[in-house]
Amino acid sequence: MDVGTHALASLALTRAVLPRAPLPVWGVVLIAGTVADVDALSALAGPSTYLSWHHTYTHSIVASLATGGILGVAYLLLSRKSSPAAFARGTFFGTIVLAGLLHLAMDACQAGGITPLWPFSGHRLSADWLAGVDPWIITILIAAVLLPELARMVSDEIGARSKGPRGRVGAVVGFILVVLYVGARAELHANVLATIEARSYRDESPRRAAAYPESFSLFTWRAIVETDRALHEFTVDAAPGASFDPDNGTTLFKPESSPILERAQIADAAKKFLGISSFPKASVEKTPDGYEVQIRDLRYTVSGEIRHEVVALVHTDSTGKVLEDELLWARNLRHR
């Protein structure tokens, strides 16, 4: 999820739990709910570092708890008062930790996944329910944060001051609507998977399948189906009564198994890439000095996450000996 959505979620959380908190507390919760995305800066160090860091170490429960504890203690030590005003310390620390965990939960609903159990496990968790930028969630959270302010301004103008916590009800309603929306996305995702997994493709049964949502449409999903010989890409209409034609898609045949491909796949860059890729697709081309093997992950283009698409590139001699292997940004590869 984009950092702006995480920031809105943190503000709405503060409004729901600590509506009377001073502005510095709002800032602490905001940082706790967005700091995990600092790993995006790893892209500045190149695609290899990005693959290692993005949505891994900082996107774990351990890191979230540690960050929340550090931020909470730092605030209490720097605050001029001995304790936060108008709320208990337990509520204060709980909100900070919850903001970090909320960040993990939202990112786990996307493609690509996070490693919530690091350092105990490097397994990635991804539900594929939400797009990287979801305008519907953004709209709900903006309303949850801003509409109570507008209501307060109107009530102040007419002299009807509320004695209750400002904006708490609106924020809670906003989170309920987000949960219902995510639940609807999850149900549609399950229906799309059931539809594409029940078909055959060029007389082959699916080995694996995945579906990724469009940002604006609830009912438009992009899907990948892997069979023994090919990878198939589709746009699936999940609206009630819509039909699905397994022949109406793009078919990408896998390269034939060969010593060249097998040796390229055990090169360091290729192994790192294949270790986290969802739907790798290799291509082998003859060059004057031997062969060039490119390995892409179709998830990037199908899910729409092409900004930081990574490609593994391996050069071999005519016998298959690896001469050079590297991870590149796909955008740079296209300019070669």
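Begin by selecting Glu-226 and Arg-208, which form a salt bridge whose closest N and O atoms are 2.8 Å apart. Here a salt bridge is a side-chain nitrogen of Lys or Arg within 4 Å of a carboxyl oxygen of Asp or Glu. Glu-226 belongs to strand 2 (residues 220-226) and Arg-208 to strand 1 (residues 208-213), so this pair ties together parts that are 18 residues apart in sequence. Helices (H or I, at least four residues) and strands (E, at least two) are DSSP runs, numbered from the N terminus.

The model is predicted: local features need pLDDT of at least 70, side-chain atom pairs count only at pLDDT 80 or more, and totals for chains, interfaces and linings use all residues. Residues are numbered from 1 along each chain as its sequence is written, and side-chain values use heavy atoms, with hydrogens and water left out.

Next, display the accessible surface of both residues. Glu-226 is buried, at a relative accessible area of 10%, whereas Arg-208 is partly exposed, at 37%. Buried means under 20% relative accessible area, exposed over 50%, and partly exposed in between (1.4 Å probe, protein chains only).

Lys-254 lies in the loop between strand 4 (250-253) and helix 8 (259-265), and Glu-226 in strand 2, so the pair ties together parts that are 28 residues apart in sequence. Lys-254 is partly exposed, with a relative accessible area of 25%.

Now extend the selection to Arg-207 and Asp-228: together with Arg-208, Glu-226 and Lys-254, they are linked in a network of salt bridges.

Finally, select Arg-299 and Asp-297, whose side chains meet in a salt bridge (3.7 Å, N to O). Both Arg-299 and Asp-297 are buried. The count of salt bridges comes to 8.
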